[in-house]
Amino acid sequence: MAVHKIAVIGGDGIGPEVIDHASRAAQKAAAKFDNAELAFNKLPWSTDYYKQHGRMMPVDGWEVLAKHDAILFGAVGSPDVSDKITVNELLLPMRRKYDQYVNLRPSYLFHGVDCPLKNKAPGAIDIVVYRENTEGEYAPVGGQLYVGMEQEIAVQTGVFTRKGCERILRAAFEAARKRRKKLTSITKSNAQVFSMGLWDDVFAVVRKDYPDVESAPLLVDAAAMDLVRKPESFDVIVASNLFGDILTDLAAAVTGSIGLASSANINPTKQFPSMFEPVHGSAPDITGKGIANPLAAILSAGLMLDHLGLAKSAKMIRDSVAEVLKDGKVRTPDLGGKATTTDMGDAVVAAL
Ligand code: GGG
């Protein structure tokens with residue numbers, strides 16, 4: 001039986017609550033459908049860890065993580081410690097450190113989920129966003145001067161490299177080729193003429209290698225409007241770090257709930273471990289109430305199984321989630337029901 005080593009970082013808030021269900025669903029699927037074992041290594045790195053140790057992870061944290069085949073991640077963020085620490089000293093550096101330059105975020109309108117838009121049949125919305133994940137607007141480049149004074153200045157520099165643009169665009173085109181062969185490249189290059197102008201230039205070069213894919217550039221404001229007006233017109237969307245983040249929350253809303261939004265932070269070379277996490281954050285408002293929807297985390301675990309080459313179990317995770325949603329008996333409050341996190345986790349595990 002093949003053994004895959006998985007680092008599990010539940011993190012903060014509802015992170016540990018949902019990731020436990022993702023772990024057990026993935027473990028059952030891998031054993032049952034791919035004869036594989038997942039060896040979980042639970043790591044307590046979180047805001048609580050920071051409060052005890054003064055850092056989000058141990059000094060040798062990166063070496064520890066690198067020994068795993070994949071990382072399953074819950075969420076970070078806490079009302080009592082700044083995001084400058086929680087998000088910026090664990091989650092974002094991980095994406096850069098392990099060169100997880102593809103942030104793949106699917107949005108699908110499942111049968112049994114209420115769509116806030118009128119007349120949308122199940123499956124009508126089926127989008128994958130390829131978000132650039134290591135540079136762009138999230139580059140940790142900038143600074144502040146005259147802090148707290150009237151003349152205070154804050155500068156944050158977006159970093160766009162030819163290599164960075166090219167590799168995410170190529171990854172997105174490859175994905176489009178395997179789907180409905182349609183790609184939309186998002187920028188705001190009419191205003192951000194230097195950085196996103198470079199993105200457009202690279203897009204114009206790369207698209208020539210994919211004549212079989214219908215591709216077009218679109219400004220981010222128009223993309224936001226079209227995601228509400230005609231989301232079915234999108235197949236693969238490729239976007240910068242910030243725009244990809246914003247558009248995927250919007251795509252999650254039009255497909256029913258952020259509680260269904262999964263994501264994979266992929267290092268395509270497999271030189272370093274890839275990381276799989278729900279799109280949602282730590283949700284302090286519902287932490288400890290046992291009502292968080294674990295499906296985003298479970299679907300993220302499915303993406304992890306696929307990345308590990310366990311294709312049958314990955315498909316069964318997705319099919320089981322689809323079955324539970326279609327059945328409609330178990331719905332967490334974000335889906336209009338009263339079920340608990342455990343009810344939902346149990347339903348998926350039973351369906352597997
Ligand atoms: N599970 C996702 C999570 O913890 N998100 C916190 C957050 O603020 N992430 C920033 C980002 O993904 O761009």
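UniProt positions are given here in the numbering of this chain, with feature names shortened, and such annotations may be inferred rather than shown by experiment. According to the UniProt record, an unreviewed entry, the annotation "domain: Isopropylmalate dehydrogenase-like" covers residues 5–348. The model is predicted: local features need pLDDT of at least 70, side-chain atom pairs count only at pLDDT 80 or more, and totals for chains, interfaces and linings use all residues. Residues are numbered from 1 along each chain as its sequence is written.

Over residues 5–348 the chain is 40% helix and 20% strand, where helices (H or I, at least four residues) and strands (E, at least two) are DSSP runs numbered from the N terminus. The end C-alpha atoms of this stretch are 23 Å apart.

**Domains**

The domain assignment, which is automatic or from a database, gives domain 1 (1–100 + 263–352) and domain 2 (126–254). Their C-alpha centres lie 25 Å apart. The contact between them (C-beta atoms, placed from the backbone, within 7 Å) takes 8 residues from domain 1 and 6 residues from domain 2. On the side of domain 1 that touches domain 2, H4 gives the most, with 3 residues.

The shell consists of Ala 75, Val 76, Gly 77, Val 87, Leu 91, Asp 245, Glu 277, Pro 278 and Gly 281. Two or more of these residues come from each of helix H4 (83–97) and strand E12 (274–278).

**Helices H1 and H11**

The axes of H1 (residues 15–34) and H11 (residues 341–351), lines fitted to C-alpha atoms over the stretch in contact, with angles from 0 to 180 degrees between N-to-C directions, come within 10 Å and cross at roughly 10°. H1 is therefore roughly parallel to H11, a term for angles under 35 degrees. In H1, Glu 17, Val 18, His 21, Arg 24, Ala 25 and Lys 28 meet Thr 341, Gly 345, Val 348 and Val 349 of H11.

**Residue classes**

Ala, Val, Leu, Ile, Met, Phe, Trp, Tyr, Cys and Pro count as nonpolar, Asp, Glu, Lys and Arg as charged, and the others, Gly among them, as polar.

| Residue set | Composition |
|---|---|
| Shell around the ligand | 5 nonpolar, 2 polar, 2 charged residues |
| Contact of H1 with H11 | 4 nonpolar, 3 polar, 3 charged residues |
| Side of domain 1 that touches domain 2 | 3 nonpolar, 2 polar, 3 charged residues |

Notes: Near = placed C-beta within 6 Å. Parallel < 35°, antiparallel > 145°, perpendicular 65-115°, else oblique. Contact = placed C-beta atoms within 7 Å.
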